[in-house]
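Take a look at the protein chain shown here. The report starts with the whole chain and then turns to single residues.

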Amino acid sequence: MPTPPQASDLFDPQRHEPLTTTPWSDAAARAAIQRICAAAEDEFDEAQGHWAWHPQDDPPEPGARSFNFYWGASGAVWALRHLSAQGAVAIQRDYTHWIEQYPACMQRESAEEMHGCASYLFGESAPLLLAWQATQRSEYAERLYLVVKSNLHNSPQEPLWGNAGSMLAAIHAAEAMRDEHEAQRWAALLSEATEALLSDMVLDPDTGTWIWHQDLYGRRSRFLGAGHGLAGNAFAALRASRWADAATVATIEQRSLQTLVATALHATLPTPQGAVDLVNWHVLVDPERIAAMLAKGGRPLVQDCHGAPGIICRLAGSPHAPDDMLRAAGELTWHAGPLSKGPSLCHGTAGSAMACLKLWRRWNEPLWLARARQLALHAAEQVEAARARHGQGRHSLWTGDLGVACTLWSCLREVDHFPTLDVF
């Protein structure tokens, strides 16, 4: 008989580290937020309107700079403004002068990208939304509308570069529109974008369920997770449900959940309190590539971009998502623990904290809030350790310190607001 799957088959322990034993306190969380934001403001380059590109973000050359929302200046500025507006910190400067420049900066920065410049996190979409939010100038909203419309069938068919990502910019714009005519125009765009998501789904020959094919960076893939794949696309449809056809959203939701159930990897963890079910997912659906990864000793990831935490964060709001699947994914996230790669939202400990917050909001079980807080506190400690090691902060939203500050703030306020997904 085959050996039953073990917990270590569902993740690589070498990618994780022991959880901090420092107990959570509101005061410690507030102090960490203050330190992160103060360091960001102190190290801001006033002349250039950006921060030094952090070594861990693999700058292409010494002195490189970025203005994107993922690891660049516009995302960091958004986080500082967001935390200030929420009362978490008092920021030193008005960033509007630089915000107005970021859309043009991103046009130049993404001009040579093979998937275009409409991307939410690596292109124009989010910087245009930020510029409109800061100034209320109609030209930014109009440009954003055209960018979103141009991206409906982008070949990546995933959230980072494709329609599902630029849809999020449209959703946040539609939520903020005060003019009824404009609100209706954005609603029509979101309805069209959701229909495009559905029309691009295909029946997968390996699973017998529905999926999207990503033509990403010159390679054809079928990703399952939040960063590049199915869960991230489904999330965009669910977020657009206020404006889109209900049957279209329901079909995307149902198909996506069926695929995740069909592709889930299961194991059982013995504990003194009894056996605990665990669930995770491979990065993609591709038997040959999965076999090659396993042959090299690879294991599924436990991150927001790929794996259980991201699938929780994108689908815990679905009333039809199976509770047993989500609970087992949460237990896997908690059992795997903090990521040794660092504290970030995308591929670090803060993303796992956000997953626990989502489960706390779904079930109102204090255990999940406590777990979220402990992981967020660990991420804050990782921020300080990395600063000491590199001699600078990692001033970015999705890969660095400011995403951690936003996560700590959500833990303090007892909300499950994932930056730029749930709130903008």
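## Ground rules

A residue is buried when its relative accessible area is under 20%, exposed when it is over 50%, and partly exposed in between, using a 1.4 Å probe and protein chains only. By that rule, buried residues make up 60% of the 424 residues in the protein chain.

This is a predicted model, in which local features need pLDDT of at least 70, side-chain atom pairs count only at pLDDT 80 or more, and totals for chains, interfaces and linings use all residues. Residues are numbered from 1 along each chain as its sequence is written, and side-chain values use heavy atoms, with hydrogens and water left out.

## The whole chain

The protein chain has 16 helices and six strands. Both are DSSP runs, numbered from the N terminus: helices are H or I with at least four residues, strands are E with at least two. The radius of gyration is 20 Å, close to the 22 Å that the globule rule gives for 424 residues, so the chain is as compact as a globular protein of that length. This radius is taken over C-alpha atoms, and the globule rule is 2.2 Å times the number of residues to the power 0.38. Along its principal axes, the C-alpha trace spans about 65 × 50 × 40 Å.

Contact means heavy atoms within 4.5 Å. Take the contacts in the chain with a separation of 6 or more: residues 24 or more positions apart account for 70% of them.

## Surface and charge

The accessible surface comes to about 16,800 Å², and 52% of it belongs to carbon and sulfur atoms. Such areas come from the Shrake-Rupley method with a 1.4 Å probe; for residues, only the protein chains shown count as cover.

The chain carries 33 positive and 47 negative charges, and their mean positions are 2 Å apart. Lys and Arg count as positive, Asp and Glu as negative; His and the chain ends are not counted. Each charge is placed at NZ of Lys, CZ of Arg, CG of Asp or CD of Glu.

## The nonpolar core

A nonpolar core is a set of buried Ala, Val, Leu, Ile, Met, Phe, Trp, Tyr and Cys residues joined through side-chain atoms within 4.5 Å. The largest one has 146 residues. Those with the most contacts inside it include Ile 33, Trp 78 and Leu 408.

Look at Ile 33. Leaving out residues up to four places away in sequence, Ile 33 touches Ala 88, Val 89, Ala 405, Leu 408, Trp 409 and Leu 412.

Is Asp 277 buried or exposed? Asp 277 counts as exposed, because its relative accessibility is 52%. Asp 277 sits in strand β6, residues 276-280. Beyond residues up to four places away in sequence, Asp 277 touches Ala 267, Thr 268, Ala 328 and Glu 331.

Cys 305 lies in the loop between α11 (287-295) and α12 (308-315). Cys 305 is buried, with a relative accessible area of 11%. Residues up to four places away aside, its contacts include Gly 225, His 228, Cys 346 and His 347.

Leu 359 belongs to helix α14, residues 349-363. At 0% relative accessibility, Leu 359 is buried. Past its neighbours within four places in sequence, Leu 359 is in contact with Ile 312, Ala 316, Leu 326, Gly 330, Asn 364 and Trp 368.

## Two positive phi angles

Gln 157 has phi near 50°, a positive value in a residue other than glycine. Gln 157 is in the loop between α6 (138-150) and α7 (163-176). Its relative accessibility is 18%, so Gln 157 counts as buried.

Thr 420 has phi near 70°, again a positive value in a residue other than glycine. Thr 420 is in the segment after α16 (401-413). Thr 420 is buried, with a relative accessible area of 0%.
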